[in-house]
Amino acid sequence: MEKKVYLVLENGQFFEGNAFGADGEITGEIVFATAMTGYLETLTDPSYYGQIVVQTFPLIGNYGVIPADFESAQPHVKAYIVREWCQEPSNFRSEGNLDTFLKNSHIIGLYGIDTRRLTKIIREYGVMNARIVNSIDDIDTIVAELKNYRVTDAVKNTTCKQITTTTPSSPKKKVVLMDFGAKKHICQELVNRGCEVITVPAYTTCEEIIALNPDGIMLSNGPGDPSENTQIISELKKLLKTNIPTFGICLGHQLVALAMGAHTVKLKYGHRGANQPVKDLITGNVYITSQNHGYAVDSQTLSSECKVRFINANDGTCEGIDYQEMPVFTVQFHPEANGGPRDTMFLFDRFITLMGGNK
């Protein structure tokens, strides 16, 4: 039997839909993701910590649940909203259905609403807070409370708790991966290229990283407001002075820019999905990329040694920086993109070259 639930937005608008997944009520920052595939990667991406995710593609769950495709051990979304979910997935790799997976993961789901209309509202008003509730009898109180919600301690709640090492059969390079909420396939792409990857917690100090004697440093993606991570930024300032080859992705990209004195800004509704066009300002090539971020580096605040390499072809925001005086480069998008597209995976090869190649 279908259970009616409601989605209440911070601006006072609401939607009536049906519940699936876990029971309950939840508050989060509501965002939309535009990918046609990769819903499992979306659900398990730590960068969605604290957020209610709306999928713009109308049918979700048709290829089931495939743990091998997860980006982390469990979902990090606050709740999940779809137009329609597939109750009978068809895929030889599937190990279950979406409803059961959400129930077991204690993630509240909502379906049967006009996700197109909801997405248009978010695009018009910008990212806002929202709550899934069983009743709207006291909607004024709900709206008032929503205005005070904030995602906090995002990196603290998604980073690993201890150091782990992943070693390929014939390791050629040693890379320290700073985990700010890392997607699993960042590590996998490095391992595929012969790197022993030592994954360390986000708050590991510069001195502790140097003691590991790495050939390179990988700075991962992660959730939340980048400017809140003052302790991490302080350590990165010291790390950048060591001239150890460094590659940053998403939050890692933003944190390096902050460490170099730049500023970040919150985007109106962010870039989330697998169809974001990015232009390489050196070659003129345009790549279709996977992205998940609500903040961007303000290009106007970059110092002279920071050269913007990539921009978003839709809105012109900064998508990548080359640091000309250091062996460092960063990108806002996800070259590892397990859910696709994989147009920019060559950037991992660039990182290998920066470390001296696979010798």
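Modeller: Rings of Phe, Tyr and Trp (its six-membered ring) pair if their centres lie within 6.5 Å; planes under 30 degrees apart are stacked, over 60 edge-to-face, and the rest tilted. By that rule, ring pairs join F247, F329, F348 and F351 into a cluster. The model is predicted: local features need pLDDT of at least 70, side-chain atom pairs count only at pLDDT 80 or more, and totals for chains, interfaces and linings use all residues. Residues are numbered from 1 along each chain as its sequence is written, and side-chain values use heavy atoms, with hydrogens and water left out.

The charged end of R350 sits over the ring of F329, 4.1 Å from its centre. For that call, NZ of Lys or CZ of Arg must be within 6 Å of the ring centre and within 35 degrees of the ring normal.

R350 also belongs to a salt-bridge network, together with D280, R309 and D322. A salt bridge here is a side-chain nitrogen of Lys or Arg within 4 Å of a carboxyl oxygen of Asp or Glu. Side chains of opposite charge can pair when their charged atoms come close. The structure holds 14 salt bridges.

R309 meets D280 in a salt bridge at 2.8 Å, N to O. This pair links distant parts of the chain, with R309 in strand 17 (residues 306-312) and D280 in strand 15 (residues 264-280), 29 residues apart. Strands are DSSP runs of E (at least two residues), helices are runs of H or I (at least four), and both are numbered from the N terminus. D280 is buried at 2% relative accessible area. R309 is buried too, at 15%. The cut-offs: under 20% relative accessible area is buried, over 50% exposed, and in between partly exposed (1.4 Å probe, protein chains only).

R309 has another partner. D322 meets R309 at 3.2 Å, N to O. D322 lies in strand 18 (residues 318-323) and R309 in strand 17, so the pair ties together parts 13 residues apart in sequence. D322 then reaches R350, in a salt bridge of 3.1 Å, N to O. That pair links strand 18 to helix 9 (residues 346-354), 28 residues apart. D322 is buried at 13%. R350 is partly exposed at 28%.

Now the sheet behind these residues. 10 strands form an open sheet with mixed pairing, in the order 10-12-11-13-14-19-18-17-15-16. Strand 10 (164-166) and strand 16 (286-297) are the edges, each with a single partner strand, so one side of each has no neighbour in the sheet. Neighbouring strands are turned by 25° against each other on average, direction ignored. Axes for such angles are lines fitted to C-alpha atoms, for helices over the stretch in contact, and angles run from 0 to 180 degrees between N-to-C directions.

Strand 13 (residues 216-219) and strand 14 (residues 246-249) run parallel and are joined by three bridges. Two strands pair if DSSP finds at least two bridges between them. L219 stands opposite G248 in strand 14.

Helix 8 (residues 251-259) lies across strands 13, 14, 15, 16, 18 and 19 (328-331), at about 55° to strand 18. Contact means heavy atoms within 4.5 Å.

Between strand 19 and helix 9 runs a loop that holds T344. T344 is buried at 2% relative accessibility. Leaving aside neighbours within four places in sequence, T344 contacts Y287, T289, F333, H334 and P335.

Back to the rings. The whole structure gives 11 aromatic pairs. F20 and W85 have ring centres 5.4 Å apart and planes at 10°, so they are stacked. F20 is in strand 2 (residues 14-21) and W85 in strand 7 (residues 84-85), so the pair ties together parts 65 residues apart in sequence. F20 is buried at 4%, and W85 is buried at 11%. W85 also pairs edge-to-face with Y111, at 6.4 Å centre to centre and 85° between the planes. Y111 lies in strand 8 (residues 108-111) and W85 in strand 7, so this pair ties together parts 26 residues apart. Y111 is buried at 17%.
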